[in-house]
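Here are some notes to read alongside the model.

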Amino acid sequence: MLKEGIYDIFRHIGDRRVNNKCFSVLEFDTNNNQLVWKERTSSSLRVGQIVRCVADQEIPCDLVLLASDGCKREVRLTTANLDGETSVKTHCALKKTFKNYGKILSMFPNDMELDDVTQFKPLLIEVTYEAPNSDFNCFEGNLITSTSNGAENLMPILVENLAFRGAVLHNTGCILGLVVYTGVDTKLSMNSKKRGRKYSSREGKLNFVLTLFLVTSILLCAICTILATVWNTQRANFPWFISTRLPTRFSYVRTLISFAFIANFLVPVSLIITIELQMLMNSYLITHDPEFFDPQRGLGGSANSVHLADELGQIEFLFSDKTGTLTLNQMVFKACSILSDDGVYLFDGNDVRRLKTEAEQPCKKVTEMQQSNVWGVGSALPVHLTEFLMVVALCHTVETRPDINGGSAKFEATSPDEKALVEGAAKLGVSLISTEPHPNIQGGRLLVLQRQDFSEKTSCRGTGTTTEEYIVDATLEFDPIRKQMTVMVQHPDGTFHIHSKGAETAILEKRASSRSTSQLHLKALEQVNEFGLSGLRTLVYATKQITRDEYYSLLQERRQAMRQFGEARVRALKASNDKIESGLELLAVTAVEDTLQPGVNECLQSLKTAGIKVWVLTGDKEETAVTVSQAAGHFAESMTLLRITDCREFNEAAELVFKSLREVDTDCEQRYALAKSPLSPTLDEINEPSLRMAFLDLCMNVTAVLCCRVTPLQKASIVQLVQLGLGESNHGAGPVTAAVGDGGNDVSMISQANVGIGIYGEEGREATRAADYALPQFRHLQRLLFVHGQWCYHRISYTMLLYYFKCVAWVTLNMIYTFYSGFSANSWHSSLIFALYTLTLTAVPNLFFGIFERHITADQLLENPKFYRSVSRNKNLRLSHLILFVLDGIWHGLVIFYCVSLFLAGGGHFSEAIFIDSMSKGNQFDISLCGGSSMVYVIVSVNLRVIFMSRDMNWPVVGGFIYTLVFNLVLIMGVQNVGSLQANLIADELVVDLPTVLDTMFANVVGIKPDLISAQRTDQLPPINSKMTHWTSLW
């Protein structure tokens, strides 16, 4: 509660700082015919106001861009706070408002005087738009203007015409924007909903034990109260000086509360605070581990959650993305196949190699094909290849940025594939020079291309260049449903074209590429498979040239669809997209290479050795996914592949699953199961309850699982499938799952898993923000799970067991004294000792043990992943282990009581023959000395238990033990000198009393001996500290 309160205070301070930022607001003063600038805080901004933002300032609310400084409508923004992407994005102000509001913006900070109220009219605008939603990639709205004859004209407002709250203005002097969403209605706020806290499997064990101890303490109180009542009512030979009265209701309550004061210590409430501190420190150690640091990118590990450090040592299933997680996501345009001339071109540095293709031959890897021609630097490329590169340089959403050093323009894109293709075309002589918004077309772009001239006499590229300007009237951006991206382009020669690219499942549909023959479709599919076998990412390009009338008819239909809202807009846009993206002619197949991250193969092998089942979930095609998985070591090429793919009906999926199960049952060889879901309902069918357990049974009996062509939501559903399915078979105890990914499409999977791990990728920081832990590279999983995971689990689990032990020992000691004192609910110890027992007397060694203990060195854990299995499924916290520590606590309590009672008190509760003090005033003083002795014994015993539990013998744990003894001795002696209670005057007597010192040694030897014998017989871990091994053997 205190921690949450502190967090709330810091959040309040941060919110107040953001809400009090000042912005200039343009207000219309109709009484004085003025446009006035007023200062307003961000919290006071309202819908309909016009706000001015300046460079490097964070946008305070969602704005429609009305104007920007300069002669162009461009607005440069960074959206790292929204999607984690560090690249600069270009948005643009509305064409209809740019001129009028641009003049007002240029006059800031001066107010503007108007001659007549009618001069306000050009500045009055009306906007209709959709209700608030969380989608950053979609906005439905229209700017309503009036024509000369008074009719209304609707102009669609696109996403590129908005600046969302949280974005930062970059390389743009200032802007004016119309407020459309504020506060909780902004897209940033709607995407920042508080996620439910994840709970580790260890917390479930802790809650069970706490409940068990609570019930036990209540039973102890009830039983002792009953026995005390029986004792008081049936014994008649009380001494004359003890008054005997009949018990009343109040006496029952008082006796019950007295016993509750003792039994309450059976419930280790302070354990929760100790674990919170330990988890916080363990998360700090993960964040600051230098082994996680990537010097090339300047990134290190990060623990976004402080509650799951020990869960890292319990992972049973790891679900991994492929692109950007197993691979670098640094794409290189590697090859392409021009379908019209049977040419396959391999791009090797500055050389272009044409590969031979043999008809009616099985698919081969690109590296296995023979070369027929080679074009070096300066050589003229084939005409078909050059024409295709022009399409590559046009069909994209890449933006150019000028180089500050005066070099060629740099490319920025949200998709690494698009960036690689445009960069590859530039290397081959077709360069994208600039991209900027079209000054007269809403949503249009001007692309300037430059290509090298060709000399027919020398068959070489000429020294001159040709620069051409292309007009992109509409861009149909990629989405996971269409799996396609299309542009409508006006070429410089006056022709009108539609260029499209996408997955083969979309482009090779008969509707999409109906202008191409079936032979060309078959050839394109073969080329896709060949590139996929080489582990390359593929895209299919298609194009068509249409008439001017048809072009503008399609464009007008799309613009009309953009003006609608809700379901009507969705249906109209779908119909428009279908028309635009149909009747295409297949052009080429491209192949982009994405190399594996360093250390991926070794990491996957170690994870499998540790008993962790790795599932790879990717949106790539089957051939590419299989090749990359084999190269990464996810499974071997020699393994048999069990394919469950393209099942359109439930019966088909069921038949394949049970057929594969029969194959696994009859053949014990290692196998590999593959589940694929392009646009088919394969995974949806498998997720049916009647088929779920059979599919999971199949997956548990194969070596590796690969799911390809899965959407982001399907990734999360697969994780949920394993959690629910195996949870049902284990009576609710589902497996501990982890998910690792690098992009926004992995967020749902990361959130669904018990532990989410994000990789710092090239496509933004959405995954790392949603994850519980962030790492620079996939190979760092080894250290995160095997070292930090096992260390944290060992520390936390044994801290819990040591707490149970010390609480049971303390309660046992006091309950036995209660038994011998006629169930009087008295104690040997004062209330001060009770208060300090779980705090200063015993807490520090336990706390340091849970932070610094290293039962096995990091090198040993990395070299022997099998050690990870030794603690899986909470083996340290199983019931038998708990019972042993409880019995150990009872044993220590019994040994300490009888050592004090027999050796120091002569069989009674006090003995004048042992403690001789002229200042003694009778029995109470001797009882206090016995209580003080038992206190010393139990403190030494409990803290020594921590020392002997440690296999590392690190200085913090030893120092905590020394600190506990010295500090508490000084504390108790201090209380003796200033306190008025005679029961506290025991420190001097205990320090100088020889029987007490000898009995302390004897009691602890007897108490700790069974623990050492048990540890010596059951400890199968390798020794890491020779001093500790020698010390243990001495006992």
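1. A definition comes before the helix. The expected span of a helix is 1.5 Å times one less than its number of residues. This is a predicted model. In it, helix H8 covers residues 383-394, 12 residues in total. From first C-alpha to last, H8 reaches 17 Å, close to the 16 Å expected.

2. Turn to the helix pair. Helix H6 (residues 249-263) packs against helix H22 (residues 781-820) at an angle of about 145°. The axes of H6 and H22 lie 9 Å apart.

3. The contact itself can be named by residue. H6 brings Phe259, Ile262 and Ala263. H22 meets them with Val811, Asn814, Met815 and Thr818. By class, this contact has 5 nonpolar residues, 2 polar and no charged.

4. How many cavities of 30 Å³ or more does the structure hold? The count is 1. The largest cavity has a volume of about 40 Å³.

5. Now the lining of the largest cavity. Lys613, Val614 and Trp615 take part, as do Cys699, Val702, Thr703, Ala704 and Val705. Strands S29 (613-617) and S32 (704-708) are the elements that each give two or more residues. The largest share, 3 residues, comes from S29. The lining divides into 6 nonpolar, 1 polar and 1 charged residues.

Notes: Residues numbered from 1 in each chain as written. Predicted model: local features only at pLDDT ≥ 70, side-chain atom pairs only at ≥ 80, totals over all residues. Heavy atoms only, no water. 1 Å grid on protein atoms, 1.4 Å probe; cavity = no way out; pocket = protein on both sides within 12 Å on 5 of 7 lines; lining within 4 Å. Points joined across faces, edges and corners; volume = space filled by probe spheres on them. Helix = DSSP H or I, 4+ residues; strand = E, 2+ residues; numbered from the N terminus. Nonpolar A, V, L, I, M, F, W, Y, C, P; charged D, E, K, R; others polar. Axes fitted to C-alpha atoms, helices over the stretch in contact; angles between N-to-C directions. Contact = heavy atoms within 4.5 Å.
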